[in-house]
2 protein chains.
Amino acid sequence: MISDGSDLLALRKNNTLSSLVAEKIETYIMDGRLSAGERINEAVLARELGVSRGPIREAARLLSSQGLVEFVANKGAFVRSIDRDELLEIYDLRAVLTGYACMRAAARHKDGTSILRDLHKQMSDAAENNDAAAYYTLNLQFHEHLINLAQSPRLKAMTDGLIKETHLFRQVSLQRHPDMAQSNIEHGEILAAIENGDEKRAQKLGESHVRSGKKRFEKAAVNLVSTED
Amino acid sequence: MISDGSDLLALRKNNTLSSLVAEKIETYIMDGRLSAGERINEAVLARELGVSRGPIREAARLLSSQGLVEFVANKGAFVRSIDRDELLEIYDLRAVLTGYACMRAAARHKDGTSILRDLHKQMSDAAENNDAAAYYTLNLQFHEHLINLAQSPRLKAMTDGLIKETHLFRQVSLQRHPDMAQSNIEHGEILAAIENGDEKRAQKLGESHVRSGKKRFEKAAVNLVSTED
DNA sequence: TCCTGGTTAACTGTTGACAGTTTGCGATTC
DNA sequence: GAATCGCAAACTGTCAACAGTTAACCAGGA
């Protein structure tokens with residue numbers, strides 16, 4: 001049996017234009033080059049990326065079922081935008097999934113927490129220096145690795161999807177002002193619970209950590225009643 | 001303000017060929033006309049549906065990010081197939097999400113349970129008559145309405161997605177032999193908890209109900225070690 | 001000044017054609 | 001007879017063009 005074959009096959013993966021374009025559009029959305037609600041002009045984007053409209057459309061359709069893009073008949077593809085209530089819904093779901101991830105992580109806590117420990121330390125530094133930007137990226141990484149520990153590809157896909165959708169909220173900035181010190185204390189407690197293999201406690205802490213993120217957002221967003229322009 | 005405009009717009013929704021084709025392919029997968037692992041021949045399908053290959057490809061890309069279809073470079077689109085372990089993973093996730101749904105349902109239990117009561121009754125009849133086929137469809141409906149009560153579109157989308165993936169397991173039949181009587185007793189308990197507004201209990205029961213479904217499957221599938229052909 | 005109707009430009013939805021890759025079949029060689 | 005190489009058919013990936021729809025703009029009239 002030559003098992004190298006499948007490896008090579010896996011390596012060349014998705015080298016189709018559509019996939020590359022999809023990734024491109026996704027990064028455009030993430031870094032704000034395409035902002036929430038904006039229309040995606042196929043012809044312009046095609047010229048910009050040096051491809052024809054076919055792959056653009058395929059990519060958009062792919063992103064549409066991830067919830068990042070919305071198709072309107074005869075009007076085209078739009079970057080989706082979500083309102084406050086939807087963002088709150090996402091927080092709730094993330095809370096449940098994060099709790100579950102922590103539980104699983106605690107159940108199979110054979111090492112693997114070293115990266116988290118490291119990130120936790122870095123975040124402490126960022127918190128002390130009041131470096132919100134650094135904390136923000138580290139926080140994303142922390143939560144990503146947390147999910148990885150659960151070793152459930154679908155759980156990861158779901159969580160990733162939710163976090164991506166998070167960027168479709170117009171006032172993204174409102175999500176970026178955590179009480180860093182408090183937030184990182186919670187991270188530490190979660191870590192400890194996982195390392196101790198305390199599944200129930202890990203689940204509870206993970207869930208309430210995201211919930212308190214939600215509460216922080218609600219407090220920050222208390223002024224805006226409706227995001228209508 | 002003329003608000004009829006948006007309604008009309010919502011009505012004409014997704015009347016694009018790609019969406020229709022996507023639905024078509026999905027039903028083909030669900031009813032087994034396209035079986036797990038099978039390749040989707042674009043030209044043939046296009047001729048069959050009387051459209052060109054473009055919409056077919058867009059539809060396939062859409063389904064690919066739902067996990068129903070898999071693209072391999074230069075080889076085309078394949079109906080995905082999942083193995084035993086993946087199915088177990090799906091059970092676990094569904095358990096968590098169902099539990100959460102039941103909790104939310106209990107929290108907002110203003111009526112709405114009448115349909116569930118009705119379904120519960122019908123399922124009792126099906127169980128008595130030992131009508132597994134009827135029970136199977138009723139069960140799907142029951143769980144769908146359960147999720148609806150939670151009033152969270154994303155939660156519903158996630159659960160729907162997981163249930164669809166369920167059909168990608170080759171021996172679908174292995175999932176269709178519940179202990180109908182016992183299963184429906186659990187349904188009744190869940191219903192009662194929701195109607196009493198007992199969130200915690202509803203969550204716990206919802207979760208363990210799906211878990212016991214998982215256990216039943218594991219028992220039924222104990223013979224197959226690996227689904228390798 | 002405001003509304004109405006028609007015209008035109010821009011853009012999407014779909015199609016058919018072309019180029020490159022894969023795969024299976026058959027001929028050739030050991 | 002078995003294995004290898006090469007060719008040809010089939011199919012995917014991509015592109016460019018056509019048809020239909022939308023939306024904005026301008027002119028004319030109340």
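Predicted model: local features only at pLDDT ≥ 70, side-chain atom pairs only at ≥ 80, totals over all residues.
Good morning, colleagues. I begin with the division of the chain. The contact draws on 9 residues from domain 1 of chain A and 5 residues from domain 2 of chain A.

Let me turn to the area of this interface. About 620 Å² is buried between domain 1 of chain A and domain 2 of chain A, and carbon and sulfur atoms account for 63% of that area. Which residues of domain 1 of chain A lose the most area to domain 2 of chain A? They are Met30(A), Ala36(A) and Leu68(A), which together supply 58% of what the domain 1 side buries.

I come next to the polar side of the matter. Across the interface of the two domains, the rule finds 1 salt bridge. A salt bridge joins Lys164(A) to Glu26(A), with the closest N and O atoms 3.0 Å apart. The count of residue pairs in polar contact between domain 1 of chain A and domain 2 of chain A, both residues being at pLDDT 80 or more, is 1.

Finally, I consider the make-up of the domain 1 side. Helix α2 of chain A, residues 17-30, contributes the largest share of the side that touches domain 2 of chain A, namely 3 residues. By class, the residues on this side of domain 1 of chain A comprise 5 nonpolar, 3 polar and 1 charged.

Thank you for your attention.

Technical notes. Residues numbered from 1 in each chain as written. Chains lettered and ligands numbered in written order. Heavy atoms only, no water. Contact = heavy atoms within 4.5 Å. Buried area = accessible area lost by both parts, 1.4 Å probe. Salt bridge = Lys/Arg side-chain N within 4 Å of Asp/Glu carboxyl O. Polar contact = N/O pair within 3.5 Å; in protein donor to acceptor, adjacent residues only side chain to side chain. Helix = DSSP H or I, 4+ residues; strand = E, 2+ residues; numbered from the N terminus. Nonpolar A, V, L, I, M, F, W, Y, C, P; charged D, E, K, R; others polar.
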